Amino acid sequence: MYKMNKLIGLSIILSLVFACSTEKHSSQWQSYSGDPVIEYKVDSVLSLMTLDEKIGQMNQYSGNFASTGAVSDNQSGKYLKKGMIGSTFNVFGADHLRMLQEQNLKYSRLKIPMLFAADVIHGLETTFPIPLAEACSWDLELMEQTARAAAEEATASGVAWNFAPMIDIARDPRWGRVMEGAGEDVFLATQVARARVRGFQGISNYRDLSKPNTMMACAKHFVGYGAAQGGRDYHSVDVSEQSLYDTYFPPFEAAIDEGVTSFMTAFNDLNGVPCTANNYLYKDVLRDAWGFKGMVVTDYTAIMELMHHGFARDLKQGAQLSLDAGIDMDMISEAFVTHLKELVEEGKVSEKQIDVAVSRILEMKFLLGLFDDPYRYFDAERQKQVVMSEANQSLALLAAQQSIVLLKNEGKVLPLSTEIAKKVALIGPFVDERESLNGEWAIKGDRSQSVTLREGLEARYKDSKVQFAYAEGTELPLLDRSTMKAEKDNQDAERGFAEAVKVAKASDIILVAMGENFHWSGEAACRTDITLPGNQRELLKALKQTGKPIILVLFNGRPLDLSWEAEHVDAIVEAWYPGLMAGHAVADVLSGKVNPSAKLVMTFPRNVGQIPIYYNAKNTGRPFDAKAPSDYKSSYIDVDNTPLYPFGHGLSYTSFEYTNIMLNAESFGKGEAVKLKADIVNSGDCDGAEIVQLYIRDRVASLTRPVKELKDFRKVVLRKGETKTIEFTIDEAMLSFRDKNRKQITEPGEFDIWLGASSDDESNRFVISFK
Ligand code: NOJ
């Protein structure tokens, strides 16, 4: 049993006295909780700390168990013995962390508990679909639930701080980290950011982290990381202030509103100033304008990287610049722990600045209850109960089913009935692939446990007349992470192809499972060619020669260039990386047990040359009209302007009709709103769910506005033949934007409204005016 340090005990007694007094808290630090008792406890501990001890709290290391960055020789052992580590990340397991905490407390004079963190991006051991996939469900409740389940497992395994959600808007599929976010759209990504923060931090009372199953969330990476030039990871970002406010800031501002407790810096240089030392971002915007009171951690070695950016001459200057910008904790660089004391002695930074950073860190430790019991998250019993629990596994199945997007279904080749006797050729490297199914950032997900496609199909069709025959056809090219180059597949392609074609010829239908090895997306995994890797397309071409219908199932972490596939195969199922329950979920969709309802949250380009391509772009002065093409318009000579599959696209096995669409007014003014009602009818042959999307365009404004912006949506579950009425409220806020002074305004004028099944659905357009 942990014995509370006497001094801290004293501070708690004092805090009770303080709670009754009316004296105002005097520190420059403003607490996240706003709780005077917590503030007093923090001040009490801080007042007992030496400068070294304070600086130690600002120092964070990675455990050696899961390297999520370049491995660095660090001095963690030395600083542990000095009680100068505030936090360690990517270390797991109740028993193991108990031991580490014991070590820390042995050396920490004031018995300040260590805070354990991790990248629990899509589940701890129960692996949910990658975040990009899950966002395609447009099901906010589901995303909150999977985040909650991840937090349950993580907190029982010792981790109380999650480096998630990643809420960078991403519009460049070359960038490997698109798999971690919620896609290209601001409105949807903002809702998803809120849902995930709620899920990690606990649903009922977001300012209360005291329950043993709630954890700190981290809004990352602030900011613009998704706009890396050329889609190359860590590359510079040069975006206008209007883009920051319109596109990249909103999910972060919403996360604060939702109560997020921490932020992580972005690696990139933003308009000439690296984010990790960016005063404008962290002081002017985050702290002053948005009032964020939680803590800020750098990304991995980001202070060190200020030297490569050419922004700091040495690590010491990097430490000074980052502290000045308002950074509280240094991940890996050892810049603070090595140089802050010296900088204080030289008068280059003040101890007051350090006090503010340390207060933020201590407050989190108090809020998490770590001072009361530093071992409270190491609960081997709870770990056994919640980790990979049946409930979490069922949730993983549901999340995977809801994330699968049906991109094409020519001639209703899907679903593959269980009734009709059919010979199905199972071809491609993903039929038996297991390791990749969890995708990147499956931090503790046991890759050997994921259900393969073949296993899922065999289980699903066990008692049916369907027969499967198998040929791999070709191998999946791998990635050599030491050189960061794609390895060419070394298989004898001709032999593989011949065998696949033979199996295909003897079958009624060909089911091909292809994609990217999981290392091909995620951090530092960017591509300039986003077609199917290796000779997978060539294999498809060989199969096409058989004349048999082809169903293509894809496992990948980014939108791909599928232009050949879209033209030549009959059905395309985008399964992404579905996680633990992959094979079952895909089999459920292929068989029609589950009717697919997911819709894309990122545009699929026709080719890489169209990138960046996203639905909510600005218009040009010379818009191209495909119905009346003419010279000197904004278009390509070798490819259409339109994407292959737009944002919001996704098919179902049933059909939906939008009828009786009514607006209760055509114009409205300040303080008023317009109601839009519509009947959604399931007019097809089976039950299903439709994601109804509401888009708006501001026709004329003092700053140009996008051609369309998603403003609301409903996911409507409908039985076969059922009709449901849905209602949207269009108010002033929905029509507003930031003007050139960054003030939120709504300008009078006309607005187009679309209600549709996708961002390119033009069937239901209305015009309203704001007076
Ligand atoms: C670097 C990544 O950019 C960040 O997202 C992650 O949290 C850290 N590494 C720690 O693993």
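Reader: Is Lys444 buried, partly exposed or exposed?
Author: This is a predicted model. In it, Lys444 has a relative accessible area of 35%. That falls between the 20% and 50% cut-offs, so Lys444 counts as partly exposed.

Reader: What does Lys444 touch, leaving aside its neighbours within four places in sequence?
Author: Lys444 is in contact with Phe92, Leu124 and Glu125. Take Glu125: 319 residues separate it from Lys444 along the chain, yet their C-alpha atoms are 5.0 Å apart.

Reader: Okay, domains. How is the chain divided?
Author: Into domain 1 (1–112 + 352–388), domain 2 (393–601) and domain 3 (656–770).

Reader: How many residues are in contact between domain 1 and domain 2?
Author: Four residues of domain 1 touch seven residues of domain 2.

Reader: And what area is buried there?
Author: About 480 Å² between domain 1 and domain 2. Carbon and sulfur atoms give 74% of that.

Reader: How many salt bridges and polar pairs link domain 1 and domain 2?
Author: The salt-bridge count is zero. One residue pair is in polar contact, with both residues at pLDDT 80 or more. On the domain 1 side, the residues touching domain 2 are two nonpolar and two polar, with no charged ones.

Reader: Switching to helices. Which residues of H20 are buried?
Author: H20 covers residues 536–544. Its buried residues are Gln536, Arg537, Leu539, Leu540, Ala542 and Leu543.

Reader: What covers the buried residues of H20?
Author: The cover includes S12, helix H19 (493–505) and strand S16 (509–515). Strand S17 (550–555) and helix H21 (563–568) are also among the covering elements.

Reader: How many residues of H22 are buried?
Author: Nine of its ten residues, so H22 is largely enclosed by the rest of the structure. The buried ones are Ala582, Gly583, Ala585, Val586, Ala587, Asp588, Val589, Leu590 and Ser591.

Reader: What covers the buried residues of H22?
Author: Helix H17 (390–403), H18, S16, S17 and strand S18 (571–574) are included in the cover.

Reader: What happens just after H22?
Author: Gly592 comes there, with a positive phi of about 90°.

Reader: Let's move to the loop between H22 and S19. Is Asn616 buried or exposed?
Author: Asn616 lies in that loop. Its relative accessibility is 8%, which is under the 20% cut-off, so Asn616 counts as buried.

Reader: Which side chain does the Asn616 side chain make a polar contact with?
Author: That of Arg171, at 3.3 Å.

Reader: What else is in contact with Asn616?
Author: Leaving aside neighbours within four places in sequence, Asn616 also touches Glu184, Asp185, Pro706 and Lys708, alongside Arg171.

Reader: Where does Ser634 lie?
Author: Ser634 is in the loop between helix H22 (582–591) and strand S19 (656–663). Ser634 has 32% relative accessibility, so it counts as partly exposed.

Reader: What is Ser634 in contact with?
Author: Thr620, Arg622, Phe624 and Asn641, again leaving aside neighbours within four places in sequence.

Reader: Backbone checks next. Where are there cis peptide bonds?
Author: One joins Lys220 and His221, with omega about 0°. His221 is in strand S5 (residues 218–222). Another joins Ile611 and Pro612, also with omega about 0°. Pro612 belongs to the loop between H22 and S19.

Reader: Which residues have positive phi without being glycine?
Author: Tyr234 is one of them, with phi of about 75°. Tyr234 sits in the loop between S5 and helix H9 (241–248). Its relative accessible area is 36%, so Tyr234 is partly exposed. Asn660 also has a positive value, with phi near 45°, and Asn660 lies in strand S19.

Terms used. Residues numbered from 1 in each chain as written. Predicted model: local features only at pLDDT ≥ 70, side-chain atom pairs only at ≥ 80, totals over all residues. Heavy atoms only, no water. Helix = DSSP H or I, 4+ residues; strand = E, 2+ residues; numbered from the N terminus. Buried < 20%, exposed > 50% of the residue type's maximum accessible area, 1.4 Å probe, protein only. Contact = heavy atoms within 4.5 Å. Domains from an automatic or database assignment. Buried area = accessible area lost by both parts, 1.4 Å probe. Salt bridge = Lys/Arg side-chain N within 4 Å of Asp/Glu carboxyl O. Polar contact = N/O pair within 3.5 Å; in protein donor to acceptor, adjacent residues only side chain to side chain. Nonpolar A, V, L, I, M, F, W, Y, C, P; charged D, E, K, R; others polar.
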